[in-house]
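Hello,

Here is the structure I promised to hand over. Please open it and read my notes alongside.

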Amino acid sequence: MGALHDGHLSLVRAAKAQANFVTVSIFVNPLQFGPTEDFGKYPRTFERDCDLVERERIDLLFAPSVAEMYPKDAVTYVNVEGLSERLDGKSRPGHFRGVTTVVAKLFDIIEPHVALFGQKDAAQVAVIRRMVRDLNMPVEIVACPIVREPDGLAMSSRNAYLDSDQRRQALVLRQALAEVQMRFDQGERCAARLIEGGKHVLQREPAVRLDYLEVVNPDTLEAVESIAQSALVAVAAYVGTTRLIDNVVLKLNRP
């Protein structure tokens, strides 16, 4: 959605490594914002974004207008039932319907063979993968690793909203996930106890308001009670009025 940072550019570089023609889309999608969310103030730095992707030597920048993407009085949407109501979909009703509708339209327009998304938006990746599978779309979905600031904060366009105190407080999201990872590495497999450990760390920053901390199946986003193979640990929290997300994937080492 623009306001590009190194996390976005890492997707471009990964695409260039495996494709001979790379397209970047920039579109602040009104359909995925709720009525009280930050669509109006979402950072828009289009000229800077153009400069950044030009330096990466992409082949095509696709930056449509809202009117181009959504004809007047449009009433057709794409919705992945079930998955779209979990994690961010539970907190932001209608959000994933907006995501899948615009991504389906982008796929139809661009006709990519491969599409790359950031692992930071793990729930989004799961929803899009299910949409592609269910609708037999001929595109491979690739999730690329989270890119972090030197202090561990996941890169996000919304980090620009944070003042210096909030920027420091936001680090507790990564610290909570690190606690969960440590407990898992030490042998804990009970999701409830892993969540308890993460929430204990989050309480160190009382100004940070937790939205959710869940341990779920990475594909279905359904909560799991015990980790038998792999699990997604996802967190969302408000730092001031800014909602941030982060996650880590826990995997058992199997021979």
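Which residue in β6 is the bridge partner of leucine 210? The partner is alanine 237. Before the rest, note that this is a predicted model, where local features need pLDDT of at least 70, side-chain atom pairs count only at pLDDT 80 or more, and totals for chains, interfaces and linings use all residues. Residues are numbered from 1 along each chain as its sequence is written, and side-chain values use heavy atoms, leaving out hydrogens and water.

First, the sheet. Helices (H or I, at least four residues) and strands (E, at least two) are DSSP runs, numbered from the N terminus. Three strands form an open sheet in the order β5-β6-β7, with antiparallel pairing. β5 (208–216) and β7 (242–251) are the edges; each has a single partner strand, so one side of each lacks a neighbour in the sheet. Strands pair if DSSP finds at least two bridges between them. β5 and β6 (residues 230–239) have eight bridges.

Next, the helices. Contact means heavy atoms within 4.5 Å. Helix α8 (residues 171–185) packs on the sheet and touches β5, β6 and β7. Helix α9 (residues 191–202) lies across β5, β6 and β7 too.

The two helices also meet each other. Residues of α8 in this contact include Val172, Leu173 and Phe184. On the α9 side, Leu194, Gly197 and Val201 are among them. The axes come within 8 Å and cross at roughly 145°. Axes are lines fitted to C-alpha atoms, for helices over the stretch in contact, and angles run from 0 to 180 degrees between N-to-C directions.

Best wishes
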